[in-house]
Amino acid sequence: MDRRKTDRRNVAAQNFKIPDTENIFKILYKRKFLITIIIVIPVLFGMTYLKTKADIYRATSSVKIENTNLNLAEFQDIMAGTQFNTLTIPNHIEGILAPSRAHETITALGIVVDENGNLLPTKVPLEDLPIAQDNVIDHGITESFYENLHISQQEPSSIIEISYDSPSAQNSATIANSHAKYYVRFQTKTKLEQAERLNKWVAAQIMSLKEENIKTSRAVQAFKSEHGMVKGGSSEDLIFQQISDIAKQLSPIETKELDLRARVDLLKQGKSHVIREVIESQLIQSLKSRASIATQELQRLAIDFGNNHPDIVAAKKELSQINKDINTEILNIRRSIENELETAIKQKKLLTDKLKNLQNNADTLQEKQVMLKALQLEEDASHRILDNFRSRSEDMKSRIDFTRPDVTIASYAKTPMEPKGSEKAFILITIAALAAVLALI
């Protein structure tokens, strides 16, 4: 039995042939009524459904994203949200689709669900008044809102299209325009909040810089007061002037000291005849003249009288007295020169000590001046930073219009005159194609 079945299958397999195109058309032609019925029935049902199905209208409004890139490096942290980059457009699309924006539009328009399950605006919002969002919105309304809301970008531009589908042409335009306007209003509010936040931040920075400026100024004044530095003048210049004056006084005193030492040494060596004071002394010259006369007189008397003659003894005594007077006067001159030398040495010592003190004071003052200049540089830097920050903040405020949002209405949605015609035709063609495929199978 099994062998007979196996043989029959083998025979059938050997007798089976793939039909050619002509045979296929003959097979289909024989069953044309069945194929037609399979195709027509779904198409009729689809036409009946589409005829009873309400027309859908799509209205589209558009918003434009502004490029707000500014070269404000020091404000990058606070201005990060306003910079235009590759994520700006996607971020705005996410913002338009945010649940809070949908709730705002639904609340402002008072959207409810009608008896046919469609969303219906029930009021005209007052745009200047805030929109209360305290009420809880039905989840079904939100889902239906998102099903009919369509967001897309007009590439490569920065325009975002906001479309809404509704059985009512007027409602589709109203909801599309309202959603766009409320998003722009939200961005305006965000921009104003950012402006307020920026102003507070700038004010805090300026206050901090002012405090730092006052701190550095006080440090400079305290340093001057503590070290007794001249206000309005240069203590360093004054000290150096004194050093210069003392150096000028010291030079002739040192020269005089050397001269006096040389004359004292000559007097000690018995070379009084080369000393100016001895040469110019009238008393010594007079005594020397008298000594010369006395010497001549003694020589004359020695010729006429003996050594023990009273006149010769008297002449010798007179000559000896004259020489003593000369020596005494020379000694007085020497003492005078030595006193003058001692005075010069004392003057030199006083001036030298004062010069050393002034030089020490100058060194100390130079160190203080270096420290003072460092404090003054810090004070000047603080002033410049404060002035530059004020200037940059004013420049930033003048270049950024915080009253205008980064998003503006590019075009408002107009009430569509015709429904989305291609949708029903597409559905009907799809039904017919599926039915034809099923009939052929």
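Me: Which is tyrosine 164, buried or exposed?

Reply: Buried means under 20% relative accessible area, exposed over 50%, partly exposed in between (1.4 Å probe, protein chains only). Tyrosine 164 has a relative accessible area of 1%, so this residue is buried. The model is predicted: local features need pLDDT of at least 70, side-chain atom pairs pLDDT 80 or more, while totals for chains, interfaces and linings use all residues. Numbering runs from 1 along each chain as its sequence is written, and side-chain values use heavy atoms, without hydrogens or water.

Me: How many aromatic pairs does the structure hold?

Reply: Rings of Phe, Tyr and Trp (its six-membered ring) pair with centres within 6.5 Å; planes under 30 degrees apart are stacked, over 60 edge-to-face, the rest tilted. The structure holds three such pairs. Phenylalanine 145 is buried at 0%; tyrosine 146 is partly exposed at 25%.

Me: What is the geometry of phenylalanine 145 and tyrosine 164?

Reply: Their centres are 5.6 Å apart and their planes at 40°, so the pair is tilted. Phenylalanine 145 sits in helix α6 (residues 139–148) and tyrosine 164 in strand β5 (residues 159–166), 19 residues apart. Helices (H or I, at least four residues) and strands (E, at least two) are DSSP runs, numbered from the N terminus. Phe145, Tyr146 and Tyr164 form one aromatic cluster.
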